[in-house]
Amino acid sequence: MASLLSSAAASHETLPDSFVFPADERPPASSAAVELPVIDLSAPRDEVRRAVLDAGKELGFFQVVNHGVPEAAMRGMDAACEEFFALPAEHKAAFYSEDASKPNRLFSGSVYRAGGGERYWRDCLRLACSAFPVDDATRNAWPDKPRRIREVVERFLVATRALGMELLRLLCEGVGLRPDYFAGELSGGDVIVNVNHYPPCPDPARTLGLPPHCDRNLITLLRQGDVPGLQVAYRGGDWIDVRPVPGAFVVNFGHQLEARLRQSFSDNACDIATNGLLKSVEHRAIPDATRPRTSVATFIMPTEDCLVAPAEELVAAAGEGPRYRAVTFRDFMEVYKAVGARRESVEKAFKI
């Protein structure tokens, strides 16, 4: 517990050396004025579907508004998360764990060592849900403070999962798969909520809140909050800042979606069949010098026994064999943890 950056006893007057990354591992964001597409999901369906596909082709990330997640659910989640990290240490102690195998826990990047020994400027509350509708066993595994946090998390999680499934249906329609292709075991694993808290940092230019990585799951929906800090990899190795949009969710695709919809093809064939868009794009997080930043990410996962493999319909349409070997999601996760979350490392590990 003493390692929590958000602890009231923590002093952040200077940045400890253990948080400092080499300059070549923290290149600054590009000065280019690049904005993520903002898609209004209340527009006609054909228009929305095309906008999602175009946004994926351009940047691999986009933001959605008028998405159906109630304003009260979003505001309630924001408030509960801020209250949680402000709780006295004794109210959070029972939930703190450095055991990464625990589905529900509070932990800190201050004790997580990267390959070079650096640490990340982040505390995280991770919550998992494996049953819909949410059952008592799931609910009771979440923190019980602050008041009503379990009710608030459930409402938010159910609504964001529904949004994720609707976006997956839109993608299926766009690439020629049946609309329910991602139902069942492909999206039937745990839904994970990561509440990432980045306290004000005395020297944010020399550290990272999260390293460059691609998500391991199917699709991610991020409520970024009002303080910027998310950065997305752009052409030529640049990084672009993601400007917060009030009420929006930032959406990106994970490795599992790419494995299903892109890895079936050679590069040229993929460009023809899917417009070259369905890929998992690297991103990272940086802290702010004066303001705390809290973001909430919802991850939709396959089941552990689900086979990670290209969609057979797309393999047949392309007339080529798969370029990546098929593995269960459980085995994928073992490799993902072993090689790291960088895109190049994961691709190399599974290439045939």
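Visitor: Hi! Which residue does Arg178 form a salt bridge with?
Guide: Arg178 pairs with Asp180, with 3.1 Å between the closest N and O atoms. A salt bridge here is a side-chain nitrogen of Lys or Arg within 4 Å of a carboxyl oxygen of Asp or Glu. This is a predicted model, where local features need pLDDT of at least 70 and side-chain atom pairs count only at pLDDT 80 or more, while totals for chains, interfaces and linings use all residues. Residues are numbered from 1 along each chain as its sequence is written, and side-chain values use heavy atoms, leaving out hydrogens and water.

Visitor: Is Arg178 buried, exposed or partly exposed?
Guide: Arg178 is partly exposed at 45% relative accessible area, and Asp180 is partly exposed at 46%. (Buried is under 20%, exposed is over 50% and partly exposed is in between, using a 1.4 Å probe and protein chains only.)

Visitor: OK, how many salt bridges does the structure hold?
Guide: There are 20. One of them joins the side chains of Glu173 and Arg49, at 2.5 Å from N to O.

Visitor: What does that pair tie together?
Guide: Glu173 lies in helix α5 (residues 149-175) and Arg49 in helix α1 (residues 45-58), so the bridge connects parts that are 124 residues apart in sequence. Helices (H or I, at least four residues) and strands (E, at least two) are DSSP runs, numbered from the N terminus. Glu173 is partly exposed at 27%, whereas Arg49 is buried at 19%.

Visitor: Which residues are linked with those two in a network?
Guide: Arg45, Asp46, Glu166 and Arg169 join Arg49 and Glu173 in a network of salt bridges.

Visitor: Switching to Arg75, what is its partner?
Guide: Arg75 bridges to Asp78, with the closest N and O atoms 4.0 Å apart. They sit three residues apart in helix α2 (residues 71-86), so about one helical turn separates them. Arg75 is partly exposed at 44%, while Asp78 is buried at 17%.

Visitor: Pockets next: what is the volume of the second largest pocket?
Guide: About 420 Å³. Of its 24 lining residues, the closest to the centre are Asp78, Glu82, Gly225, Asp226 and Thr294. (On a 1 Å grid over the protein atoms alone, a pocket is an open set of points where a 1.4 Å probe fits, with protein on both sides within 12 Å along at least five of seven lines; lining residues have an atom within 4 Å of a point. Points are joined across faces, edges and corners, and the volume is the space filled by probe spheres set on them.)

Visitor: Which element gives the most to the lining?
Guide: Helix α2 does, with five residues.
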